[in-house]
Amino acid sequence: MGIFDAVSALFRGERRSSEQGKQEEELRRAFKTRCSHFRSLLSANKRALATMATLEEAMQGQRLFSMSFVRANCTTLIAAVFNMVRHLDALSGGAYPELLDRLKDIQQKIDCIISPKNEPVSGPLVLPMEAIGIELAHEVGAKMASLGEARQSLGRTIPKGFVITASGFKRFIEANKLQEEINRRMQITDLAKLDAVFALSSSLQQLIITSPVPDDLERAIMEQYEAMADSGPEPRLAVRSSAIGEDAIGTSFAGQYRSELNVTRDSLLDTYKEVVASKYGVTAMTYRVNRGISDDEVPMCVGCLEMIPATAGGVAYSMDPMGREAGVVINSAPGLPGAVVDGSVDVDVFRVSREKPRRILHRHVPLKRFRLECSPDEGVLKRPLDDADASAPSLDDEQILQVAKCALEFEDLYDQPQDVEWAFAPDGGLVVLQSRPLSGMEEALEGACVPEGTVVLAEGGICASPGVGAGPVFVVRRDADMLRFPPGAVLVVEQAHARWAPILNRASALVAEFGGAAGHLASVAREFRAPALFGVENALRLLAAEQEVTVDADARRVLQGRVEEVLAHKREPRVSFAGSPVHAVLAKTVHHIVPLHLLHPESPTFSPAFCETLHDITRFCHEKAVEEMFRMDESLFCGRCGKQLKYKGGKLQYYVVDIENGFCEPVPGKYIEMEQICCPPMHALWEGMIAIPWAGPVGTTARGFLALVAESAGNPDLEVTRASDRMLRNYFLVDREYCNLQASFGYHFCTVEAQAGKADQENYVNFHFKGGAANIARRLMRVNAIADVLAENGFIVEVKEDALSARAEELSAREVLELLLILGYLIIHTRQMDAAMGGEDSRTAFADTLRKGIAQVLTMSVDRS
C-alpha cells in the first residue's frame, strides 16, 4: 500500500471512530431517556397501587370518608395510570395506541359515578306552605314537607309562610358559579382533620354569604313575603333549614344546620344566605362525613315561617327514645322552644300514657333560670324568671294532654314513632313547628352492680343517650378545645350544645351540666350510640381534667376509674360506614378500578382491548414496560440496557440497568458480575439477600401451604443465587448512589428503592410489599409481622390489606446501607411464609425468626468490614 492509501485509510478510520463515538453518545442519551421513562413509569405504578390499596381499605367500611376522599383518590389514580400509559408509549414507540382509549373509556365510567349531578333548575324557586305536602319532599325537604302534611292530613295548625326550594338553592349556586369552587376546596381538604374542617368551613361559608341572591330568586322570595304581609302587620319570620335528607329515618341532622328566629324583612335575604352557608358549618360537614352522606345529595331548602311568640314550647316523643317506660314523653320550657332543643336550660318533663283515657304518669319540674322571647328589634333574648315562675310547670294538664294527642296522631300518620316540635301561641292554640322520625331509639339498661368501695364522683341528671363508657376527662369550653380532644376521652361540657357534635364519634361518653333528652345533641348522641348524661350539677367542678372515669348513663352516675363490671355492658357503636350513600358510590367506583382480569401475559387476551379496569391497565403497562426494557434481541439497546447478573458461574434471572455510572467500567456483552457494579446500595441489598441461604418456609401447615403451593414448596430453584427458569425476571436500576429493585419472589411482589449520597436530607429508603398465595387472613398475619419488625428498625410503616409500605428518610449513607441489608434479608426470607401462618403464635414466632436473622446479618456485615 502506498503512503496515499495509508493516509486515506487512516482518515477513514478516524471518521469511523468519530462516527462510532457519536453513535454511542446518541445511544447513551437515548438510553438515559429510556431509563428515565421506565423509572417514571415505576413511580407512577407505585402511586397507582398505593391508591388502589387506600380505596380497598375504605371499602371495608371501618373508616370514615367523604365524597371528596373518593374524588381526590380517583383523580390521583387516574393521573398515575395516565402517566404509566404515557411513559409506556414513549418506551414502545407508540406500540399501544388503543390503551389511551381504554383509559378514557374507564375514566368516563368513573366520572359518571363520582361527578356532581348538576341538573338544571326545573322546579319552582319558592312555594307557599299551603301548597306543600309530603309529595314535595324532593323540593322542600322532609322537614317542611312533613309540616305541610300536618295541615293537609291532620288539620293541625302550622305557621304561615313559604319555602325557598331545592330549585331555588340550585339557582343561587349556579348564578354565582359556586359549586366548582366548593368542590375544589373540599377535594384538597382532609376532612378527617378537625382543624382543616374548621378552616374549610370558614372559607366556604364566607364564599356563600358574600355571593348575591340572583334577581329572579330575590323577586320570588319577596313576592311571597309581601303576600304574607297583605293579611296583617309586617311579619317576623323563623328562617329554618330544611335540607334534602334532613330529618330522614336514621339521619336526623338534629341541630346541624342554622335556623334564625324573629327575622325582619330587611334581613331576610342575608339570613337566607346564612342558613344556606350553614350547610358547610363544622357540625354539618362532620355529620355528613360520619354518616357517609355526599355533599351533592343535600340541597339546602329553607323554610320562612311566621314567628310564633310562644308562651311555652318544646319537643314531644311519641315513644320514650330510651325505652325505659311506656308513654309519650314531653319536654317543655316557658317561652320559645329553642331553649329545649339547644340544651341551654333544664326543662320540664312529663310522661303521658298512650292508651285512652290518657293520664299524666310522671312530672319532673326543675327550676328554670330564664325563658326565651322574641326581641323587640330582631332575634331572641333570655328573660330571667322570678322564683314563682321558675318553679312553676310550663304547661297545665290540659296542654300536656293536647301535646300527647298531637304526637300520637303524627305516629299514626307515618306509622312510626315521631319527634314533634310544638309551641303554644298567645291565644292558647297549639302550633306544630316540625315532625320527624324518632331516631336512635335504644333501650336503657338497669345500672350494673359495682364493687364495694367504688367512688361515685357525680350522679343524678338525665340519661340523654343510654350506655356506658370510660376514659380520661376532657373539658371542652370553646371550639379551639375540640381540636385537642383525644380519641376515647370522656367529653365534659357545661351546656349540651349541638356545636359539640363533631367530636362525638371520638368520645367514649358525654357529660353536661345543662341539657335534656330532647336536645339536638342528645339526638345525635343516640344516633351514634354515645352514652350521654345531661343535667349533672357541678359536673365541671366534680370531674377533674385527665381523671379516668366510667360514665354509666343508664344508672345516671359517674364513677372513679375504670370499672370493668360496668363496662362489661358496653354497647358497640351503631354507625357502620358500610352501606352508607358514600360507601355505595365507592363500591360502584371500585368496580371499574380494582378487579384484575389480565392475569397471564402469554394469554391472547393480555392486550389493551381486554383492559376493563384501571388495575388491568397498570398490569399491562408494567408488564410491557419490563419487556421493552429487557428484550434481549438485536434491537437498539441490546447489550446496553439490561445486563443479566452472573453469580458463582450461574446466570440468574436478575437484570441490572446502568442509569448513569452504576457500572465500574463499560461492560461488553450480555452479562455482568457483582464485582463490575459500582453501586453501594445494590451491594448492600445483595449482601442481605445472600447472607443466609433460604431453605423454604418452615412450620407450614397442610391447609395453609401444601394445598396451595405444594408445587413450589421445596423447589430449590427459588434460591436467590441459583439460575432458574421458574423465577420471574427481576431487575435492578443503579447509579453510583441509587438503587431500585423490582422483583417477584415466589408469590409476592416487592420494590426496594434507595438513595445513599452525601446529602443526608436527600437520602431515603422505600420498601413496598404485596401479595402471597394463601388466603387473606394468612397474608395479613405475614405482612403485619413484617411491619412490626420494620417499625422496630426505624421505618415508618403503613399496612393496607396485604400491601405494606415502609419508608425511612433523611439518613446518613451508612444508615441507608444498613437498612438495605435488613431489607435484602427480609425479601428473601419472607417468601411463602404466609402459608405458614396459622394464628397469632405463628405470627409471633415468624417475627422472632426475622429478628434473629436480621441480627445475624448485621453481625456478619460488621465482621466482614
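User: Which residue in S21 does valine 456 stand opposite?
Analyst: Leucine 559. This is a predicted model, where local features need pLDDT of at least 70, side-chain atom pairs count only at pLDDT 80 or more, and totals for chains, interfaces and linings use all residues. Residues are numbered from 1 along each chain as its sequence is written, and side-chain values use heavy atoms, with hydrogens and water left out.

User: How many bridges pair S14 with S21?
Analyst: Three, in the antiparallel sense; S21 covers residues 557–560. Two strands pair if DSSP finds at least two bridges between them. Strands (E, at least two residues) and helices (H or I, at least four) are DSSP runs, numbered from the N terminus.

User: What's the strand order in that sheet?
Analyst: S14-S21-S20-S16-S17-S18-S19-S15. The sheet is open, has eight strands and mixed pairing. Its edge strands are S14 (456–459) and S15 (462–465), and each pairs on one side only. Neighbouring strands are turned by 30° against each other on average, direction ignored.

User: Which strands does helix H15 lie across?
Analyst: S15, S18 (509–514) and S19 (532–534). H15 (residues 520–527) runs at about 60° to S15. Contact means heavy atoms within 4.5 Å. Axes are lines fitted to C-alpha atoms, for helices over the stretch in contact, and angles run from 0 to 180 degrees between N-to-C directions.

User: New topic. At what angle do H4 and H13 cross?
Analyst: Roughly 95°, with the axes coming within 12 Å. H4 is residues 137–154 and H13 is 397–414. They are therefore roughly perpendicular to each other, a label for angles of 65 to 115 degrees.

User: Which residues of H4 and H13 meet?
Analyst: Ser146, Glu149, Ala150, Ser153 and Leu154 in H4 meet Glu409, Phe410, Leu413 and Tyr414 in H13.

User: What about the hairpin, which residue in its turn has a positive phi?
Analyst: Glycine 379, at about 80°. S10 and S11 have five residues between them. Five bridges join S10 (residues 370–374) to S11 (residues 380–384), running antiparallel. Leucine 372 has lysine 382 as its bridge partner.

User: Now rings. Why is the pair of tyrosine 96 and phenylalanine 620 edge-to-face?
Analyst: Their planes stand at 90°, so the pair is edge-to-face; the centres are 5.1 Å apart. Rings of Phe, Tyr and Trp (its six-membered ring) pair if their centres lie within 6.5 Å; planes under 30 degrees apart count as stacked, over 60 as edge-to-face and the rest as tilted.

Technical notes
Angles under 35 degrees count as roughly parallel, over 145 as roughly antiparallel, 65 to 115 as roughly perpendicular and the rest as oblique.
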